[in-house]
Amino acid sequence: ISNKDVMTSTESSISSSSKHRVTAAATLFVSLVCLLLVAVAAWGAWNARAVQLHELDMATENMSRSMAQHADDTFKSADTALVGVAEHIANDGVSPKSIERMNKLLMLQVQELPALQSLFVIDKNGRLLASSRGVVNTFFDYADHNFFIYHRDHPDPAAALAHRPTP
């Protein structure tokens, strides 16, 4: 065996062993890089989800606040309309001429306030006096309706919008 053959044999065993180590190291490196890429992608997706949830929370909060403000504005508008009606009745009474003017006033208020469907003026016995619908059926009696009973039994003016009319 020559010196050259021994070196070739040794080199081939070293180079085979080195190649195996280099291959294992390269495989491990590629695997770690892939794992790192997957981890970065997952972290990015998680953060994007957190951002979307935060944005949805903010949008929901803003929508709730907007709806509450709209409802409050609607009740204030209706309350203002009712204050005007109460003032009209207190000053002009319920004479036929006053009721005719009241019907026109109620129609105008409903036209100006789209949130209102209709306005009625009912006397203390439950009879319809004036209506924003223009037609007043004096034979129709609200005395047995829940909203009338409630307001008759709770004459507090602050409760003016506590119940909506039900047939």
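A nonpolar patch, as I use the term today, is made of residues with over 30% relative accessible area and no salt bridge, with nonpolar side chains joined within 5 Å. The structure is a predicted model.

First, the layout. The chain has 3 helices and 2 strands, and along the sequence they follow the pattern α-α-β-β-α. Of the 167 residues in the chain, 16% are buried. The accessible surface comes to about 12800 Å², and carbon and sulfur atoms account for 63% of that. If we take contacts between residues at least 6 apart in sequence, 30% of them join residues at least 24 apart.

Now the patch. Phe-29, Val-30, Val-33 and Leu-37 form a nonpolar patch on the surface, and together they have about 390 Å² of accessible area. Take Leu-37, which sits in helix α1. Is Leu-37 buried or exposed? Its relative accessibility is 57%, so Leu-37 counts as exposed; the cut-off for exposed is over 50%.

Next, the inside. In soluble globular proteins, nonpolar side chains tend to be buried together. Here the largest nonpolar core has 11 residues, among them Ala-78, Val-85, Met-102, Leu-106 and Val-121. Helices α1, residues 3–92, and α2, residues 96–112, each supply at least two residues of this core. The largest share, 4 residues, comes from α2. Leu-106 touches Val-85, Leu-119, Val-121, Ala-130, Ser-131 and Ser-132, leaving aside residues up to four places away in sequence.

His-88 is another buried residue, with 10% relative accessibility. His-88 belongs to helix α1. With residues up to four places away again left out, His-88 touches Gly-93, Ser-98, Arg-101, Met-102 and Leu-105.

Last, the charges. Side chains of opposite charge can pair when their charged atoms come close. How many salt bridges does a search of the whole structure find? The search finds 6, and I will go through some of them.

Glu-61 pairs with Arg-65, with the closest N and O atoms 2.6 Å apart. Both residues lie in helix α1, 4 residues apart, which is about one turn of the helix. Glu-61 is partly exposed at 42%, and Arg-65 is partly exposed at 49%.

Lys-104 and Glu-100 form a salt bridge in which the closest N and O atoms are 3.9 Å apart. These two lie in helix α2, also 4 residues apart. Lys-104 is exposed at 53%, while Glu-100 is partly exposed at 48%.

Asp-123 and Arg-127 meet at 3.1 Å, N to O. Asp-123 counts as buried at 14%, whereas Arg-127 is partly exposed at 41%.

Note on methods:
Residues are numbered from 1 along each chain as its sequence is written. This is a predicted model: local features need pLDDT of at least 70, side-chain atom pairs count only at pLDDT 80 or more; totals for chains, interfaces and linings use all residues. Side-chain values use heavy atoms; hydrogens and water are left out. A nonpolar core is a set of buried Ala, Val, Leu, Ile, Met, Phe, Trp, Tyr and Cys residues joined through side-chain atoms within 4.5 Å. Buried means under 20% relative accessible area, exposed over 50%, partly exposed in between (1.4 Å probe, protein chains only). Contact means heavy atoms within 4.5 Å. Accessible areas come from the Shrake-Rupley method with a 1.4 Å probe; for residues, only the protein chains shown count as cover. Patches are made of residues with over 30% relative accessible area and no salt bridge: like charges are joined within 9 Å, nonpolar side chains (Val, Leu, Ile, Met, Phe, Trp, Tyr) within 5 Å. A salt bridge is a side-chain nitrogen of Lys or Arg within 4 Å of a carboxyl oxygen of Asp or Glu.
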